[in-house]
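Please open the structure in your viewer and have a selection tool ready. The tour below moves from one selection to the next.

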Amino acid sequence: MVEKVYPMTVEGKEKLEQELEELKTVKRGEIIERIKIARGFGDLSENSEYESAKDEQAFVEGRITTLENMIRFAQIIDNDGVDTDEVSLGKKVTFIEQPDGDEEEYTIVGSAESDPFSGKISNDSPIAQALIGKKVGEEVTIQTPGGSMLVKITKVEQA
């Protein structure tokens, strides 16, 4: 079976490693303590505190497994062979939507680091897929679920 590769920046991998460490060293202990306290409340079949703590424990253990897998199969983005004005993973791209001129700026990252509210979009997103490989000055039609939009790339820089 071929394992999924998770493209990401060095910073993205470090962030995942920090989250993993926090879950393993702090969160696990907190949950174990909650379970101990909840057990003291008596009958476990009607103990909502116990059930809540066990549910949280299952979630945290699942997240730990996911993070370990993502870190193990991380592929650090290397832009050495990419032109400085070419859109690629790990770069920040600025474009102007045509014809009204709304300027937008996104950093293209792997799906593991994606955070649209912070301006980080996944390389799997329709916007990133349309922009990757294009250069400053090019006009690109982006197909999104809300329809298509024409944009002109105005700036590409290392994120």
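Begin with the buried residues of helix 1, which pack against strand 1 (6-8) and helix 2 (48-72); helices (H or I, at least four residues) and strands (E, at least two) are DSSP runs, numbered from the N terminus. This is a predicted model, in which local features need pLDDT of at least 70 and side-chain atom pairs count only at pLDDT 80 or more, while totals for chains, interfaces and linings use all residues. Residues are numbered from 1 along each chain as its sequence is written, and side-chain values use heavy atoms, with hydrogens and water left out.

Select residues 10-39 to see helix 1 itself, whose 30 residues reach 42 Å from first C-alpha to last, close to the 44 Å expected at 1.5 Å a residue (the expected span is 1.5 Å times one less than the number of residues). Its buried residues (under 20% relative accessible area, 1.4 Å probe, protein chains only) are G12, L16, L20, L23, I31, I35 and A38.

Next, select L20, L23, A53 and I64, which are among the 15 residues of a nonpolar core, that is, a set of buried Ala, Val, Leu, Ile, Met, Phe, Trp, Tyr and Cys residues joined through side-chain atoms within 4.5 Å.

Then move to the largest nonpolar core, where L131 and I142 touch the most other members of the 18. Strands 3, 4, 6 and 7 and helix 3 each supply at least two residues of this core. Leaving aside neighbours within four places in sequence, I142 is in contact (heavy atoms within 4.5 Å) with P126, I127, A130, L131, G147, S148, M149 and V151.

Terms used. Buried < 20%, exposed > 50% of the residue type's maximum accessible area, 1.4 Å probe, protein only.
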